Amino acid sequence: MNFHILTLFPDMVRDGLHTSILGRAVENGHIRMNVVNIRDYTLDKHKKVDDYPYGGGAGMLMQAQPIYDAYISVCDSIQKKPRTVYVTPQGRVFNQSMAAEFAKEDDLVILCGHYEGVDERVLEEIVTDYVSIGDYVLTGGELPAMVMVDAISRMVPGVLSNEDSGVTESFYDNLLEYPQYSRPEVWHDKKVPEVLLSGHHKKIEEWRLEQSMKRTMERRPDLYEKYLANKPQV
Ligand code: ADE
């Protein structure tokens with residue numbers, strides 16, 4: 001999968017996305033990060049990319065031309081118009097099923113806004129999806145873009161070494177993950193639950209499902225409602 005991230009802060013995005021699991025996924029060729037510096041596309045002789053908003057108001061707006069030309073250069077390089085996300089608090093709130101949906105794309109453009117926003121006209125021409133990462137306001141779209149790339153990448157086949165772990169963790173079927181334990185068997189007088197030492201796979205599975213349900217009910221009653229509504233019938 002190819003991510004094309006349009007930003008005024010390419011170093012921030014590159015540094016954030018080339019470590020650990022994502023770094024390895026890039027090296028192995030499962031994902032590609034094409035970080036595009038919007039400023040490289042401005043036709044302004046002072047390399048300016050922003051200006052005052054018509055009608056007045058606080059702050060500066062990112063102008064349409066550099067963003068559009070950066071976007072067109074991506075389209076030209078892949079010979080198509082890919083799905084294009086603008087990360088904004090005004091978007092649909094990102095979740096696991098959206099991550100799984102986006103992971104089916106071969107190419108995904110993510111536009112990171114800055115300052116007080118972006119000239120509406122370029123958004124109208126290029127954006128297919130408006131996505132927020134939560135109901136709070138950040139200073140720019142880079143962190144949201146990185147959050148999305150991380151969550152989407154781990155749904156791309158091959159990125160996680162154990163292919164299953166992408167679906168068995170929290171939010172699959174609207175349940176949070178069960179508690180996990182590693183060595184030693186006793187730590188601070190707390191013993192690992194007996195069933196996990198039993199080697200009885202069916203019992204372990206049942207215990208984990210129970211724990212997932214209990215945890216979801218306690219911590220995320222909103223998700224638990226969804227789980228009950230969509231629970232597979234046996
Ligand atoms: N840009 C600023 N705040 C944001 C948010 N919460 N989600 C997505 N993009 C943003």
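A: Buried means under 20% relative accessible area, exposed means over 50%, and partly exposed lies in between, with a 1.4 Å probe and protein chains only. By that rule Cys-75, at 7% relative accessibility, counts as buried, and Cys-112, at 1%, counts as buried as well. This is a predicted model, in which local features need pLDDT of at least 70 and side-chain atom pairs count only at pLDDT 80 or more, while totals for chains, interfaces and linings use all residues. Residues are numbered from 1 along each chain as its sequence is written, and side-chain values use heavy atoms, with hydrogens and water left out.

Q: How many disulfides does the structure hold?

A: A disulfide is a covalent bond between the sulfur atoms of two cysteines. Taken as a pair of cysteine sulfur atoms within 2.5 Å, the structure holds 0 of them. For Cys-75, the nearest cysteine sulfur is that of Cys-112, 16 Å away.

Q: Which backbone atoms lie close enough to the ligand's nitrogen atoms to count as polar contacts?

A: A polar contact is a pair of N or O atoms within 3.5 Å; within protein, one must be able to donate a hydrogen and the other to accept it, and residues adjacent in sequence count only if both atoms are side-chain atoms. Here a ligand nitrogen is 3.1 Å from a polar backbone atom of Gly-134, one is 2.8 Å from a polar backbone atom of Tyr-136, and a backbone N or O atom of Leu-138 lies 2.9 Å from a ligand nitrogen.
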